[in-house]
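Please view the sequence and the structure together before reading on.

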Amino acid sequence: LEFMEPVSIKARGAVRLAGGGVIRTTFPVSVSAPYVAIGQEFRAPLNPADPFQPFREFNSGTGGTPAYTLAPTPGAGSLTVDARLIDIGTLVTLGASSARFNTGNGDIRGNGILSVAGAISLEASQIYPTTGADFDVFAYDNGLQKGSISVVSKSTAALPMSAGGRLGMFANTISISGNLRAPIGSIVLGWDGDTNTKPNNA
């Protein structure tokens, strides 16, 4: 999904966008609705031995579609999402150095990989992966700007109806002032943002 100019989307119901898993913009983009689903659709729980390949590239020589690694790129663009509930699937931003997701007293659910070259802000009563799924958040370094993740919660909600998932956050700087949850699962925080030492599932 590419935005060719500044865009502000406001809806009374639900907004679903970037189902292919990519947003390209060098302009400010804002989305506001009671419910927003962004990125690829949530995938069913995988066998840990099965590879996760969200992107593929057609090879005209062989006719095959091998896995394709798509890395985020920085730029003057920005992404802001405001809703009461936000679902984040696999999403890569191109041309944007900041992404902000805000639900106030609502939840942010994740399933897949969120990748931004710059700063990621997550504001919600709680952030968690869906049942049996991984939700990884990567903020890559961007030249002199170090990748950063900020998590803020202004309220506390009941435990989510989710179990056995894994929540991972990887950046040079990670600031947690909120509720990260993965009932009967795991939470992983770390990485210095250097692409030469990035985790294998980046």
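Predicted model: local features only at pLDDT ≥ 70, side-chain atom pairs only at ≥ 80, totals over all residues.

## Nonpolar cores

In soluble globular proteins, nonpolar side chains tend to be buried together. The largest nonpolar core here has 34 residues. The members that touch the most other members are V36, I38, L79, F101, L114, I127 and M169. Among the contributors to this core, strand β8 (residues 85-102) gives the most, with 5 residues. Another core, of 5 residues, lies apart from the largest one, and its members include A117, F138, Y140 and F170.

M169 deserves a separate description. Leaving aside residues up to four places away in sequence, M169 touches L122, I127, V137, I149, V151, I174, I176, L180, V188, L189 and G190.

L189 is located in strand β16, which spans residues 186-190. Its relative accessible area is 46%, so L189 is classed as partly exposed, the category between 20% and 50%.

## A buried loop residue

T130 lies in the loop that runs between β11 (126-129) and β12 (134-140). Is T130 buried or exposed? T130 is buried, because its relative accessible area is 15%, and the cut-off for burial is under 20%.

Not counting residues up to four places away in sequence, the contacts of T130 are with F42, G110, N111, S162 and G165.

Note on methods:
Residues numbered from 1 in each chain as written. Heavy atoms only, no water. Helix = DSSP H or I, 4+ residues; strand = E, 2+ residues; numbered from the N terminus. Buried < 20%, exposed > 50% of the residue type's maximum accessible area, 1.4 Å probe, protein only. Contact = heavy atoms within 4.5 Å. Core = buried A, V, L, I, M, F, W, Y, C linked by side-chain atoms within 4.5 Å.
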